[in-house]
Number of protein chains: 2
Amino acid sequence: MAKGERSVPRIHFHQQLDELKDKLLGMAALTQQAVESAVEAYLQRDDALRKFIKQSERAIDRAQNELDEMAYELLAKQQPMAVDLRFIVAVIKIGGDLERTGDQAMAIGKRTKEILALEKAELPVDFAVMGEFALHMTRSAVQALLEGDAALAETVRGMDDEIDRMYSSAVDSLLKLIQEKPQCTRQALNGISVAKNLELIADHASNIATDVVFWVRGADLRHQLSMAG
Amino acid sequence: MAKGERSVPRIHFHQQLDELKDKLLGMAALTQQAVESAVEAYLQRDDALRKFIKQSERAIDRAQNELDEMAYELLAKQQPMAVDLRFIVAVIKIGGDLERTGDQAMAIGKRTKEILALEKAELPVDFAVMGEFALHMTRSAVQALLEGDAALAETVRGMDDEIDRMYSSAVDSLLKLIQEKPQCTRQALNGISVAKNLELIADHASNIATDVVFWVRGADLRHQLSMAG
């Protein structure tokens with residue numbers, strides 16, 4: 001078996017790339033779970049679920065460490081070709097964005113802790129829809145990486161405008177609430193922070209999508225150059 | 001000359017690493033200039049300076065492209081050792097954080113455009129101090145990379161708590177203002193956004209510092225392993 005591996009190093013290398021993809025997918029799943037828990041805890045004022053986010057965050061950090069370790073090992077030992085090299089660096093960068101997505105889930109957890117200390121107020125913002133939209137962007141961006149789909153990645157980048165509109169609209173609505181019901185000012189500002197956290201999650205998805213486009217286009221460019229040369 | 005280069009490839013490689021550092025330093029300078037212009041434009045309600053930020057942003061993007069190009073070329077052609085490999089990947093990631101720092105300068109520019117359409121209001125927040133603090137973090141983080149100074153990088157990470165406090169204090173003060181002078185609500189919320197942008201700039205500095213620590217510690221670890229082996 002070891003002999004066989006030696007005689008087909010490229011195949012072995014591509015198996016390792018697949019393993020790297022699996023690790024990234026696992027990390028993305030943990031991140032998604034953290035964000036879902038955070039939004040749910042915020043909306044349901046669920047303190048137990050809020051505490052669960054901390055656990056998710058630790059799991060995300062561990063997943064990033066494993067991902068980085070494998071990626072650097074592949075870079076160092078396999079002397080990958082330019083297209084694979086760009087892919088591996090993209091994976092490292094995307095791991096960073098997923099980790100920071102997890103940080104935003106933690107931040108929503110903090111906002112939830114704050115809101116639990118305040119009287120409940122009805123806020124005129126659909127955080128569930130906004131959260132689902134942001135997560136849809138994250139999922140699609142990771143999918144674009146796994147499938148090398150630059151068109152899907154471009155779609156994700158385009159969705160960033162929509163979440164920006166949602167955020168602006170949330171701020172406007174909460175501003176109006178503050179003017180009409182000054183007693184809800186703290187809850188409304190807390191809501192603005194949560195909307196900002198969700199917008200930042202979408203930003204990270206957009207960053208991931210940009211890395212995917214860069215990777216795929218870099219590959220295309222390299223391909224064109226090798227055709228020309 | 002070409003012959004000489006061939007006989008001392010490692011020296012040539014380290015010259016290229018120095019060039020890469022110079023490029024990063026140049027990009028950091030552009031980013032710093034963009035943030036300074038943005039804070040100044042916001043504080044002085046200076047529309048001409050605000051428009052200048054857009055130019056800086058384009059220069060930052062170009063600088064990042066050049067930086068990336070050189071970094072990927074070094075990764076592909078030089079088969080760097082693990083410590084250099086980690087350095088080059090750190091530079092690519094840090095370029096991303098600097099570019100996003102520039103995006104925050106652009107965002108402050110947008111807030112400035114908004115505020116110019118509103119009546120002037122005195123806000124109880126020292127944005128100049130906050131901006132200077134955030135920029136100090138960015139500068140120190142980049143310096144830590146250039147000098148391989150993990151202790152300085154750790155200091156930058158520690159400074160993140162201070163900017164978080166500044167941000168919380170800004171939000172509290174602006175919240176109080178909204179309650180006392182509801183006619184200043186829009187200006188106060190605009191101020192909260194600017195404070196958030198500055199806090200995010202500090203976050204990017206903290207990300208840069210984390211990459212530096214990871215690079216230097218990775219190098220240490222590698223060194224320990226080679227000692228042990």
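This is a predicted model: local features need pLDDT of at least 70, side-chain atom pairs count only at pLDDT 80 or more; totals for chains, interfaces and linings use all residues.
Chain B and chain A bury about 2500 Å² between them, and a rotation of 180 degrees superposes chain B on chain A. Over all chains, the count comes to 26 salt bridges.

**How the two copies are arranged**

**The interface in numbers**

- On the chain B side, 24 residues are in contact with 24 residues of chain A.
- Of the roughly 2500 Å² buried between the chains, 67% is on carbon and sulfur atoms.
- Tyr72(B), Lys93(B) and Arg100(B) are the residues of chain B that lose the most area to chain A, and together they make up 22% of what that side buries.
- Four salt bridges cross between chain B and chain A, and there are two residue pairs in polar contact.
- Helix 3 (47-78), helix 4 (82-116), helix 6 (150-180) and helix 7 (185-228) of chain B each bring at least two residues to the side that touches chain A.
- Helix 7 of chain B gives the largest share of that side, with eight residues.
- Sorted by class, the side of chain B that touches chain A has 12 nonpolar, eight charged and four polar residues.

- Asn207(A) sits in helix 7 (residues 185-228) of chain A, and its relative accessibility of 14% makes it buried, because the cut-off is under 20%.
- Leaving out residues up to four places away in sequence, Asn207(A) touches Asp97(A) in its own chain and Arg100(B) in the other.
- Gly191(A) is in helix 7 of chain A as well, and it is buried with a relative accessible area of 0%.
- Gly191(A) touches Tyr42(A), Leu123(A), Phe127(A) and Leu174(A), again not counting residues up to four places away in sequence.
- Tyr42(A) is 149 residues from Gly191(A) in sequence, yet their C-alpha atoms are 9.6 Å apart.

**Salt bridges within a chain**

- Arg217(A) pairs with Glu154(A), their closest N and O atoms being 2.7 Å apart.
- That pair links distant parts of the chain, with Arg217(A) in helix 7 and Glu154(A) in helix 6, 63 residues apart.
- Both partners are partly exposed: Arg217(A) at 48% relative accessibility and Glu154(A) at 30%.
- Arg165(A) and Glu162(A) form a salt bridge at 2.9 Å, N to O; they are three residues apart in helix 6 of chain A, so about one helical turn separates them.
- Arg165(A) is exposed at 52%, whereas Glu162(A) is partly exposed at 29%.
- Over in chain B, Glu57(B) and Lys54(B) meet at 3.5 Å, N to O, and both lie in helix 3, about one turn apart.
- Glu57(B) counts as buried at 13% relative accessibility, while Lys54(B) is partly exposed at 39%.
- Back in chain A, a network of salt bridges links Asp47(A), Arg50(A) and Lys51(A).

Key
Residues are numbered from 1 along each chain as its sequence is written. Chains are lettered from A and ligands numbered from 1 in the order in which they are written. Side-chain values use heavy atoms; hydrogens and water are left out. Helices (H or I, at least four residues) and strands (E, at least two) are DSSP runs, numbered from the N terminus. Buried means under 20% relative accessible area, exposed over 50%, partly exposed in between (1.4 Å probe, protein chains only). Contact means heavy atoms within 4.5 Å. Buried area is the accessible area (1.4 Å probe) that two parts lose on being put together, summed over both. A salt bridge is a side-chain nitrogen of Lys or Arg within 4 Å of a carboxyl oxygen of Asp or Glu. A polar contact is a pair of N or O atoms within 3.5 Å; within protein, one must be able to donate a hydrogen and the other to accept it, and residues adjacent in sequence count only if both atoms are side-chain atoms. Ala, Val, Leu, Ile, Met, Phe, Trp, Tyr, Cys and Pro count as nonpolar, Asp, Glu, Lys and Arg as charged, and the others, Gly among them, as polar. Copies are superposed by least squares on the C-alpha atoms of residues with pLDDT of at least 70 in both.
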